[in-house]
Amino acid sequence: MARYVANRLAQAIMLLVIVSAIGFAILHLAPGGPLSQFAASAQMTQEDLDRVTKQLGLDRPLPIQYLDWFGRMLKGDWGKSYRDGEAVLSVITSHLGATLELMATATIIAVLLGCWIGVLGALRRYSLFDTLATVGAMIALSIPTFWFGLVTIYVFSVKLGWLPAGNRQTVGDGSFLDLLHHLIAPALVLALVETAMWGRFMRSSMLEVINQDYIRTARAKGMLEWRILTVHALRNALLPMITVAGLQLPTLLGGALVAETVFTWPGMGRLFLDSIGYRDYPVVMGILMFSATMVLIGSLLADMLYAVVDPRIRVG
């Protein structure tokens with residue numbers, strides 16, 4: 001087990017280095033570069049730009065800039081925002097809570113609803129419910145998240161007035177009910193695609209399990225059907241879902257970026273897009289590395305948990 005964890009950890013570190021190098025190169029080689037926001041000011045002279053270039057270390061070769069940035073990042077110095085001079089880690093952590101709140105709520109909804117739909121679809125294979133669930137999943141996976149968000153705002157905010165059109169809370173309120181009221185729409189939109197994925201994966205896993213010999217043996221011995229489904233079928237069908245949970249994290253982060261933008265939710269996704277528009281490259285790189293670390297940790301924890309519940313994985 002220790003060797004397995006060490007191998008996965010080494011792979012994760014290598015991937016982080018590759019992601020950081022590619023992201024750093026793309027941002028600094030993009031048209032405009034880090035100085036584009038400073039150059040846009042009419043008050044900036046060429047001398048001022050040269051001074052800023054030297055202060056930021058942008059006059060050095062790109063590999064040297066990357067190694068310097070990466071070394072400082074390992075020491076906990078992720079740089080400072082071009083926008084207000086605040087430390088990058090402080091900027092990210094100030095928006096992290098909103099993103100985790102949205103992602104956690106959407107995940108709970110998706111797991112509970114998706115697993116229920118998947119199990120019921122497997123038990124009633126090719127029924128009307130299974131057909132409608134399949135069609136609904138295909139629609140949810142085919143239509144962009146932002147479209148669902150805009151439709152939700154138009155129907156439930158503009159037309160019906162049931163839900164707020166955006167933001168995390170009402171100015172001057174901040175009560176739990178107000179926070180929950182603002183959370184409903186973005187969480188449901190973000191959970192929609194996740195529910196479809198969980199439902200399809202759970203259906204496939206459940207179908208595979210209920211056709212196993214030990215399920216038929218349990219029925220032949222006269223065991224109650226509900227006990228067969230809960231003790232034997234459902235427990236074994238949930239094992240592959242551990243891996244699915246790790247693989248869903250990148251999709252969840254991408255969906256959160258879209259949902260936060262549509263609903264003006266003050267999370268990391270909206271911060272990422274705002275920072276790109278402002279050419280705030282230290283914050284962009286910080287969010288990129290933070291998100292990549294979250295994804296790799298989630299994948300690593302999912303693999304470790306699967307290795308614990310299924311001893312066959314340890315041998316591989």
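Me: Where does UniProt place the feature "transmembrane region"?
Reply: The unreviewed UniProt entry puts it at residues 12–30, 102–123, 135–156, 176–198, 237–263 and 283–309. Such annotations may be inferred rather than shown by experiment. The model itself is predicted: local features need pLDDT of at least 70, side-chain atom pairs count only at pLDDT 80 or more, and totals for chains, interfaces and linings use all residues. Residues are numbered from 1 along each chain as its sequence is written, and side-chain values use heavy atoms, with hydrogens and water left out.

Me: What is the helix content of residues 12–30 and of residues 176–198?
Reply: Residues 12–30 are 95% helix and 0% strand. Their end C-alpha atoms are 27 Å apart. Residues 176–198 are 100% helix and 0% strand, with end C-alpha atoms 29 Å apart. Helices here are DSSP runs of H or I with at least four residues; strands are runs of E with at least two. On that count the protein has 14 helices and zero strands.

Me: Why are H8 and H11 called roughly antiparallel?
Reply: The axes of H8 (residues 176–210) and H11 (residues 239–262) cross at roughly 155°. Angles run from 0 to 180 degrees between N-to-C directions, on axes fitted to C-alpha atoms over the stretch in contact. Under 35 degrees is roughly parallel, over 145 roughly antiparallel, 65 to 115 roughly perpendicular, and the rest oblique. H8 and H11 are therefore roughly antiparallel. Their axes come within 10 Å, and the crossing is right-handed. That term applies if the near helix is turned clockwise from the far one by less than a right angle; anticlockwise is left-handed.

Me: Which residues of H8 and H11 meet?
Reply: On the H8 side, Pro186, Glu194, Trp198 and Phe201 are among them. H11 brings residues including Pro240, Gln248, Thr251 and Gly255. Contact means heavy atoms within 4.5 Å. By class, the H8 and H11 contact has 13 nonpolar, four polar and one charged residues. Nonpolar covers Ala, Val, Leu, Ile, Met, Phe, Trp, Tyr, Cys and Pro; charged covers Asp, Glu, Lys and Arg; the others, Gly among them, are polar.

Me: What makes H6 oblique to H8?
Reply: The axes of H6 (residues 128–142) and H8 cross at roughly 135°. That makes H6 oblique to H8. The axes come within 9 Å. H6 passes H8 in a left-handed crossing. Asp130 of H6 and both Arg200 and Arg203 of H8 are among the contact residues. By class, the contact of H6 with H8 has nine nonpolar, one polar and three charged residues.

Me: How do you know whether Ser94 is buried or exposed?
Reply: Its relative accessible area is 51%, so Ser94 is exposed. Buried means under 20%, exposed over 50%, and partly exposed in between (1.4 Å probe, protein chains only). Ser94 lies in H5 (residues 88–123). Ser94 and Ile287 are 193 residues apart in sequence and 12 Å apart in space, C-alpha to C-alpha. Of the 316 residues of the protein, 41% count as buried.

Me: What makes the phi of Tyr126 and of Arg279 worth noting?
Reply: Most residues other than glycine have a negative phi. Tyr126 has a positive phi of about 65°. Phi of Arg279 is near 60°, also positive.

Me: Where do Tyr126 and Arg279 sit?
Reply: Tyr126 is in the loop between H5 and H6. At 63% relative accessibility, Tyr126 counts as exposed. Arg279 is in the loop between H12 (268–278) and H13 (281–309). At 28%, Arg279 counts as partly exposed.
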